[in-house]
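Work through the exercises below with the sequence and the model open. Each task is followed by a solution in steps.

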Amino acid sequence: MYDRELFIQMNRYITVAMSSTCPGLYCGRMLINGSVEGECGVCPRGERTNLQNVCERCTEAPELYDWLYLGFMAMLPLVLHWFFIEWYSGKKSSSALLQHITAMLECSVSAVVTLLVTEPVGQVRIHSCRVQMLSDWYTMLYNPSPDYVNTLHCTQEAVYPLYTIVLIYYAFCLVLMMLLRPLLVKKIACGLGKSDRFKSIYAALYFFPILTVLQAVGGGLLYYAFPYIILVLSLVTLAVYMSASEIQSFKNLIAKKKRLVVLFSHWLLHAYGIISISRLDKLEQDLPLLALVPCPALFYIATARFTEPSRILSEGGNGH
């Protein structure tokens, strides 16, 4: 008798489990008043399916790596702003510094406002769904077809809010730039021609759509690759800058304050990339890696004199 009741209960459990199973990786049922209800479908924003294909609210805080990724995506428009401001301001323009500060203010305010409007609203913190695999960024590619005819659409933000929060941030950056920068440039950029004053703003109107498409299409790839992108780009740009500035000794390096600012900025990027790769899982092993930050600049200065083109040509002409 007891074995029969146990067998019936097991059958019921298996039946319920099978009925609650949804096809695909991201289709699930709603959990209402402690019971699973409804048909398989897309989970509401801010939720994702668990192992039982039930939609669960994401209430965890982002990991360090998630914050580093968001910081990288937040830095991109700021670095591009600074680059184009420096490019178009001219060497004799006194407005560049104020424009740099304004660009930093725009991005900082946009970042704070973006955090405030994201769940939980009104707080400078966010709830996040943990990233488990690359497919979490591209759920639209994993809509199942149970009968091989009809498609069950379960596209959702499984990496909430890492996908949309970047797009919201870019929108706030663009709005603040259009509100503040034209008035500022018109007042202070008197040393530039009328056609050159707003070129840094025009450049932003080009690179913001590019960044938006980059996040929308390649967000998942950038999430896993950004530490290496930071290291490679910071090394290349530092080498190009030191070569263009003809820095071949420490005396040349400290001759201008601007060169030191560029050097320290690249060192910060080096450190950012190293921390992103190591994730500081083991502090006693990872922190000593930061001692490698000055090595590329020191190596360049130590070897620049041996790779100078004029010296190589002169030695070749002398038959050495």
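**Exercise 1: H2 and H7**

Helix H2 (residues 64-89) packs against helix H7 (residues 257-278) at an angle of about 155 degrees, the axes being 11 Å apart. The model is predicted: local features need pLDDT of at least 70, side-chain atom pairs count only at pLDDT 80 or more, and totals for chains, interfaces and linings use all residues. Residues are numbered from 1 along each chain as its sequence is written, and side-chain values use heavy atoms, with hydrogens and water left out.

Task: state how H2 is oriented relative to H7, and which residues meet.

Solution.
1. Helices (H or I, at least four residues) and strands (E, at least two) are DSSP runs, numbered from the N terminus. Axes are lines fitted to C-alpha atoms, for helices over the stretch in contact, and angles run from 0 to 180 degrees between N-to-C directions.
2. Angles under 35 degrees count as roughly parallel, over 145 as roughly antiparallel, 65 to 115 as roughly perpendicular and the rest as oblique.
3. At about 155 degrees, H2 is therefore roughly antiparallel to H7.
4. The crossing of H2 past H7 is left-handed (near helix turned anticlockwise from the far one by less than a right angle; right-handed if clockwise).
5. On the H2 side, Tyr65, Trp67, Leu68, Gly71, Phe72, Met75 and Glu86 take part; they meet Lys258, Leu269, Tyr272, Ile275 and Ser276 of H7. Contact means heavy atoms within 4.5 Å.
6. The residues of this contact divide into eight nonpolar, two polar and two charged. Here Ala, Val, Leu, Ile, Met, Phe, Trp, Tyr, Cys and Pro count as nonpolar, Asp, Glu, Lys and Arg as charged, and the others, Gly among them, as polar.

**Exercise 2: the two partners of H5**

Task: describe how H5 crosses H4 and H9.

Solution.
1. The axes of H4 and H5 come within 11 Å and cross at roughly 180 degrees, so H4 is roughly antiparallel to H5.
2. Contact residues include Tyr170, Met177 and Arg181 of H4 and Phe208, Leu211 and Gln215 of H5. The division is 14 nonpolar, three polar and one charged.
3. Helix H5 (residues 199-244) and helix H9 (residues 295-304) have axes that come within 11 Å and cross at roughly 35 degrees. H5 passes H9 in a right-handed crossing.
4. Leu235, Leu238, Ala239, Met242 and Ser243 of H5 touch Pro296, Ala297, Tyr300 and Ile301 of H9. These residues divide into eight nonpolar, one polar and no charged.

**Exercise 3: a salt bridge**

Task: which parts of the chain does the pair Glu157 and Arg45 tie together?

Solution.
1. The structure holds six salt bridges (a side-chain nitrogen of Lys or Arg within 4 Å of a carboxyl oxygen of Asp or Glu).
2. One of them joins Glu157 to Arg45, with the closest N and O atoms 3.5 Å apart.
3. Glu157 is in the loop between helix H3 (96-117) and helix H4 (164-188), and Arg45 in the loop between strand S2 (35-41) and strand S3 (47-49), so the pair ties together parts 112 residues apart in sequence.

**Exercise 4: backbone exceptions**

Task: where does Asn53 lie, and which peptide bonds to Pro120 and Pro161 are found, cis or trans?

Solution.
1. Most residues other than glycine have a negative phi, and most peptide bonds are trans.
2. Asn53, not a glycine, has a positive phi of about 60 degrees. Asn53 lies in the loop between S3 and strand S4 (55-57).
3. The bond from Glu119 to Pro120 is cis, with omega near -5 degrees. Pro120 lies in the loop between H3 and H4.
4. The bond from Tyr160 to Pro161 is cis, with omega near -5 degrees. Pro161 lies in the loop between H3 and H4.
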